[in-house]
Amino acid sequence: MKITDIEGYVLDFPQDPPWGYSKGWVTSAPTLLIEVSTDEGITGWGEAYGPPEPIHELIQNLSGPNVTGADPFETEKIWGMLRHEIRDHSQSGIAMAAISAIDIACWDIKGKALNTPVCKLLGGPVHETLHCYASAIRYTKDPDQSDALTDPVVPAKRYLEQGFSAIKLAIGMLDISEDIERIKSVREFLPSDVDLMIDANHAYNSKTAKQLAKQIEDLDIFWLEDPLSQDDFPGYRSLRASTSIPLASGETLSGRPAFRDILVEDIFDVLIPETGLAGGLTETKKIFDLTDVFGVGCTPHGFASVIGTAAAMHLAASHAPNPFTTGSESLPFEWTPPPLDRFGNLAIDPLRCVDGKVIVPIERPGLGVEIDRDALRMLSRVA
Ligand SMILES: [Mg+2]
């Protein structure tokens, strides 16, 4: 089998209502899907995490001799060649997102060609369903009060009613005193057996993060995610020494060396690699394995459309809890339920979360997602 072509689709998912997080308000969440074609008529889908147009341009540049004509089963070889080609110019970001998308599409092709789900090719499934957390309480405007924000307990109640037993709250847009009130109100509302994560998306400096952590120390926070800039190792060392709240990070990192560096630093309890940025399924599986030997928890980042989400599901489904003992449970899987919309009507058989669990599409080959071409056209950005 030989790869013959790569087609890119820049998609826009309108967010209604708009939502805010530490970096501002979001009205549309774009992404890049690619479809890799082969000479046997099988095509595979990949998704990149990051700004779609420059990633697409890079894929078009990379897709010459190292991809066109290559055998999509040889994912190690393709990954290695692409990594070598761009190594001198970039170790992360757009470059690794481009490789990630190509790699994910190759795994989809492999599964379809063998009539086998990707998680089985990765050594699984270890899990056929994934316990999820609703990564969903962002800042929204209260429709009944102009200029006021929605009380975060309102969506917390909704996700609790939907069966989620873990919920993530975005912080970092307001003064820490106001955000601490939001955290307290949600924590006080949730039953004690429901986990609450908070995600600051790199909002703070070390001093502010320590002030925040000190004031929420007793609120049973499941993890505090990305309080500082991802390169602020001294800040993280200082924060870690000052708080007992578990710290999480990793969604902006690419490749094993970057994960090795933060594992060696011993500053995080949980790592959250993004399959569409960390290096696709080939590399992110190795990152998961690396976290095991450091005794650090790992669960995929999730803010992709159906392709990236399916890739993350197959990866999580194929990873054994460490240690594999009775009662050991994997970390929850990140899921963005409505009204956040990253799926549109893109999948003919949509991925669904029921009672806080997603069912891994192990009955279908490849990633298990069939793209609706009409929906793809509707969501595609007009140049
Ligand atoms: Mg995050």
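In this predicted model, the buried residues of helix 1 pack against strand 1 (3-21), strand 2 (24-38), strand 3 (43-48), helix 2 and helix 3. Those buried residues, in a helix that spans residues 52-62, are Pro52, Ile55, His56, Ile59 and Leu62. They cover an arc of only 125 degrees around the axis, so they sit on the same side of helix 1.

Two packed helices are described by the angle between their axes and the distance between the axes. Here are the values:

| Item | Value |
|---|---|
| Angle between helix 2 (residues 75-86) and helix 3 (residues 93-114) | about 165 degrees |
| Separation of the axes of helix 2 and helix 3 | 10 Å |

An angle over 145 degrees counts as roughly antiparallel, and helix 2 and helix 3 are therefore roughly antiparallel to each other. Their crossing is right-handed.

Which residues meet where helix 2 and helix 3 come together? Helix 2 brings Thr75, Ile78, Trp79, Leu82, Arg83 and Ile86, while helix 3 brings Ala95, Met96, Ile99, Ile102, Asp103, Cys106, Trp107 and Lys110. Sorted by class, that contact has 10 nonpolar, one polar and three charged residues.

With a relative accessible area of 0%, Ile109 is buried. Leaving out residues up to four places away in sequence, Ile109 touches Met1, Val36, Thr38, Ile42, Thr43, Gly44 and Pro72. As for Arg373, 264 residues apart from Ile109 along the chain, the C-alpha atoms of the two are separated by 18 Å.

Methods:
Residues numbered from 1 in each chain as written. Predicted model: local features only at pLDDT ≥ 70, side-chain atom pairs only at ≥ 80, totals over all residues. Heavy atoms only, no water. Axes fitted to C-alpha atoms, helices over the stretch in contact; angles between N-to-C directions. Helix = DSSP H or I, 4+ residues; strand = E, 2+ residues; numbered from the N terminus. Parallel < 35°, antiparallel > 145°, perpendicular 65-115°, else oblique. Left-handed = near helix turned anticlockwise from the far one by under 90°. Contact = heavy atoms within 4.5 Å. Nonpolar A, V, L, I, M, F, W, Y, C, P; charged D, E, K, R; others polar. Buried < 20%, exposed > 50% of the residue type's maximum accessible area, 1.4 Å probe, protein only. Arc of directions from axis to C-beta.
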